[in-house]
Amino acid sequence: MKKIINVIWVLLILGAVLDGTQMRVKAGNLVYGDYEYSQNPSDKTISIIKYNGKDSEVEIPQKINGMNVVSISEEAFQFNDTIVDVVIPEGVTGIGSFSCCSNLKQVSFPDSLEKIGFTAFYNCESLENIYIPENVNTIATEAFSGCSNIKKIQVAVNNKVFDSRNNCNAVINT
């Protein structure tokens with residue numbers, strides 16, 4: 001009887017730890033599916049720290065455990081050569097790094113996006129089209145450096161900081 005009770009306790013503890021929604025990994029990061037993330041307890045927001053999946057099409061979650069995903073940290077997707085298409089959800093305001101994602105062809109930015117970070121898409125050699133949404137007010141140095149296959153760059157008409165006048169296929173700081 002004692003063994004049965006001990007086994008039940010072990011199973012209950014394992015079930016609580018490995019419930020699939022969240023568990024701690026290194027340095028305080030939490031895990032949700034293929035994502036490592038951190039949460040800001042003061043405003044209950046999430047930052048994606050690392051993507052560990054192998055999918056070619058990735059749709060980053062808008063919420064994790066009821067909290068909004070608002071940023072993608074530097075190195076979160078860096079050197080991932082399986083991703084071809086990424087959808088970044090509404091609510092994300094800042095993007096760190098997808099640098100050296102050699103097969104990344106398409107990124108869908110949300111209207112909420114404000115900042116594209118330093119070397120965010122550096123050496124994404126397969127990236128073909130870029131659409132900069134209306135609220136982007138910062139594109140850091142070398143954000144798209146080494147993206148040798150870009151065919152089209154377009155900036156939202158209502159963007160107050162950047163422009164792609166007369167379909168010039170470039171981003172101009174206005």
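Predicted model: local features only at pLDDT ≥ 70, side-chain atom pairs only at ≥ 80, totals over all residues.
1. Basis of the comments. Residue numbers start from 1 along each chain as its sequence is written, and side-chain values rest on heavy atoms, with hydrogens and water left out.

2. The sheet. Three strands form an open sheet in the order β5-β8-β10, with parallel pairing. Its edge strands, β5 and β10 (106–108), each pair on one side only. Direction ignored, neighbouring strands of this sheet are turned by 5° against each other on average. The axes behind this angle are lines fitted to C-alpha atoms, for helices over the stretch in contact, and angles run from 0 to 180 degrees between N-to-C directions. Strands (E, at least two residues) are DSSP runs numbered from the N terminus, as are helices (H or I, at least four); two strands pair if DSSP finds at least two bridges between them.

3. Pairing of β5 with β8. Strand β8 (residues 85–87) and β5 pair in the parallel sense over 3 bridges. Glu59 stands opposite Val87 in β8.

4. Asp55. This residue lies in the loop between β4 (45–51) and β5 (57–59). Asp55 is partly exposed because its relative accessibility is 41%; the classes are buried under 20% relative accessible area, exposed over 50% and partly exposed in between (1.4 Å probe, protein chains only). Leaving aside residues up to four places away in sequence, Asp55 touches Asp34, Thr82 and Ile83, contact meaning heavy atoms within 4.5 Å. Asp55 and Ile83 are 28 residues apart in sequence, yet their C-alpha atoms are 6.2 Å apart.

5. Ser126. The loop between β11 (115–116) and β12 (129–132) holds Ser126, which is buried at a relative accessible area of 17%. The side chain of Ser126 reaches the backbone oxygen of Ser102 at 2.6 Å. Beyond residues up to four places away in sequence, Ser126 touches Ser102, Asn103, Leu104, Lys105 and Asn149.

6. The salt bridge. The count comes to 1 salt bridge, defined as a side-chain nitrogen of Lys or Arg within 4 Å of a carboxyl oxygen of Asp or Glu. Glu128 forms a salt bridge with Lys151, their closest N and O atoms being 3.5 Å apart. Glu128 lies in the loop between β11 and β12 and Lys151 in the loop between β13 (138–139) and β14 (152–155), so the pair ties together parts 23 residues apart in sequence. Glu128 is partly exposed at 24% relative accessibility, whereas Lys151 is exposed at 57%.

How values were computed: Polar contact = N/O pair within 3.5 Å; in protein donor to acceptor, adjacent residues only side chain to side chain.
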